[in-house]
Amino acid sequence: SGGYYAEAVGVLLDSYTTRTRNTGDISATANGVYTAGAYGLVSLGDYYSTVGSYYESSISAEASATYQAVAAGLVSNADGFSSVYNDGSISAVATADDGVGGAQAYGVYTGAFYSNFLSGSESDISAEASGYAAEAVGVAVNGYYSNFYNEGGISASATGYYAAAAGALVRGVGSIDAFNSGDITAEASGDNAAAYGAIVISYAGYALMDNDGDITATSDGYAYGVVVDGYTGNYVFNNGTITAEGGNDAQSIAIYAGDAYTEILNFSDGTINGAIVTGDGYGFFRNDGEWNAIGYSYLGGGDDDVWNRVGGVINLADASIDLGTFSADGNSFVNNGVITVSGEDNVIDMGGPMAAIPSLNPLAFYNNNLGGNNPHALIDFQDGDPDDVLTIIGDFAGQGDINVDVSIVNELSDLLYID
């Protein structure tokens with residue numbers, strides 16, 4: 001501390017192979033005038049690096065400076081194999097001047113040809129950055145082959161004029177299966193802010209996020225709950241909660257997928273809060289749980305299928321679902337469950353070969369009663385006020401129910417408009 005350039009490292013291992021088992025406390029603090037770097041535990045292996053930080057252990061790094069501050073709680077890097085396991089506490093805090101400084105904080109970083117991250121239920125990992133430009137990442141996994149398995153808590157917070165926060169960032173060349181049963185949160189505050197709960201990117205394979213826990217992104221600007229961008233496919237399997245709370249509804253994107261084939265399955269215990277945006281590949285969304293659709297959901301080009309199954313609920317609150325342009329057979333939207341409508345500006349656009357009103361999509365929106373012991377498909381406007389509107393751009397078919405509020409005295413009712 002006190003110098004123009006300050007650097008502190010709690011524990012540094014650098015060898016052909018490194019192994020670390022931490023059951024105690026490790027800390028590093030650096031305070032510099034111009035720049036500062038603080039690293040709690042750094043493990044570098046030419047061949048492999050393995051780090052285990054266990055129950056009730058702690059690793060912390062804190063850096064502060066005027067122009068540039070970098071803090072990393074745990075770094076594991078190797079040419080061949082890197083593996084990190086945590087069931088303790090890991091934190092990184094970087095603070096720079098909010099008028100001129102840049103701050104970067106990483107809770108955990110692991111990188112190698114084979115790169116793995118695993119945490120237990122008692123794991124608590126956090127990254128916090130503040131400055132003029134601030135970047136915080138809770139856990140970053142980089143490798144040719146990358147694996148991510150989280151049972152604990154991961155949080156990232158960034159505050160600045162430019163602010164970006166990611167709870168988990170998993171990148172690789174091969175296919176990636178990322179799993180979460182814990183809590184992942186990202187929060188970004190500032191004039192130009194973006195928060196990402198979990199990002200999974202595969203440059204040559206598929207990208208999969210399997211969530212049984214909670215993933216939340218909160219931002220003054222754009223917020224993305226889960227981002228999947230694979231070369232051969234994008235998959236989100238949700239049996240937990242995925243939430244995006246952006247600066248406004250249009251900036252609240254719960255799930256964002258790239259242009260490859262996309263499959264989103266929201267199971268019966270799953271809840272999605274926010275919009276869904278996908279690229280130009282074939283997209284399939286199956287809902288057995290609850291989707292609180294806000295803002296503008298866009299499913300891009302290519303044939304897209306939306307299936308709200310028996311037991312599934314889609315809540316529209318001044319929200320739009322646009323199936324985009326189709327490529328071959330047309331876009332499909334089948335409702336066997338419940339769609340609730342609140343507000344005067346709700347739209348389901350079946351799309352077409354080009355942007356057009358009326359829709360040129362060959363398939364109708366289908367409100368389908370399965371019959372037998374299955375409950376009726378329902379579009380439900382009823383909330384006590386006859387002022388809700390849903391516009392469906394495209395054809396309409398089916399034998400399901402439509403419940404509306406009616407005021408005979410005022411000659412008003414809710415409205416389903418087929419365009």
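Colleague: Is Tyr 5 buried or exposed?

Modeller: The structure is a predicted model. In this model, Tyr 5 has a relative accessible area of 62%. A residue counts as exposed over 50%, so Tyr 5 is classed as exposed.

Colleague: How many residues apart are Tyr 5 and Tyr 34, which form an aromatic pair?

Modeller: The planes of Tyr 5 and Tyr 34 are 65 degrees apart, and the pair is edge-to-face, with 5.9 Å centre to centre. Tyr 5 belongs to strand E1, whereas Tyr 34 lies in the loop between strand E2 and strand E3. The pair therefore links distant parts of the chain, and its members are 29 residues apart.

Colleague: Is Tyr 224 buried or exposed?

Modeller: Tyr 224 forms an edge-to-face pair with Tyr 256, at 6.0 Å centre to centre and 85 degrees between the planes. Tyr 256 is partly exposed at 34% relative accessible area. For Tyr 224 the value is 16%. Buried means under 20%, so Tyr 224 is buried.

Colleague: Over the ring of which residue does the charged end of Arg 309 sit?

Modeller: A charge counts as over a ring within 6 Å of the ring centre, if the angle to the ring normal is also within 35 degrees. The charged end of Arg 309 is 5.0 Å from the centre of the ring in question, which belongs to Trp 307.

How values were computed:
Residues are numbered from 1 along each chain as its sequence is written. This is a predicted model: local features need pLDDT of at least 70, side-chain atom pairs count only at pLDDT 80 or more; totals for chains, interfaces and linings use all residues. Side-chain values use heavy atoms; hydrogens and water are left out. Rings of Phe, Tyr and Trp (its six-membered ring) pair if their centres lie within 6.5 Å; planes under 30 degrees apart count as stacked, over 60 as edge-to-face and the rest as tilted. Helices (H or I, at least four residues) and strands (E, at least two) are DSSP runs, numbered from the N terminus. Buried means under 20% relative accessible area, exposed over 50%, partly exposed in between (1.4 Å probe, protein chains only).
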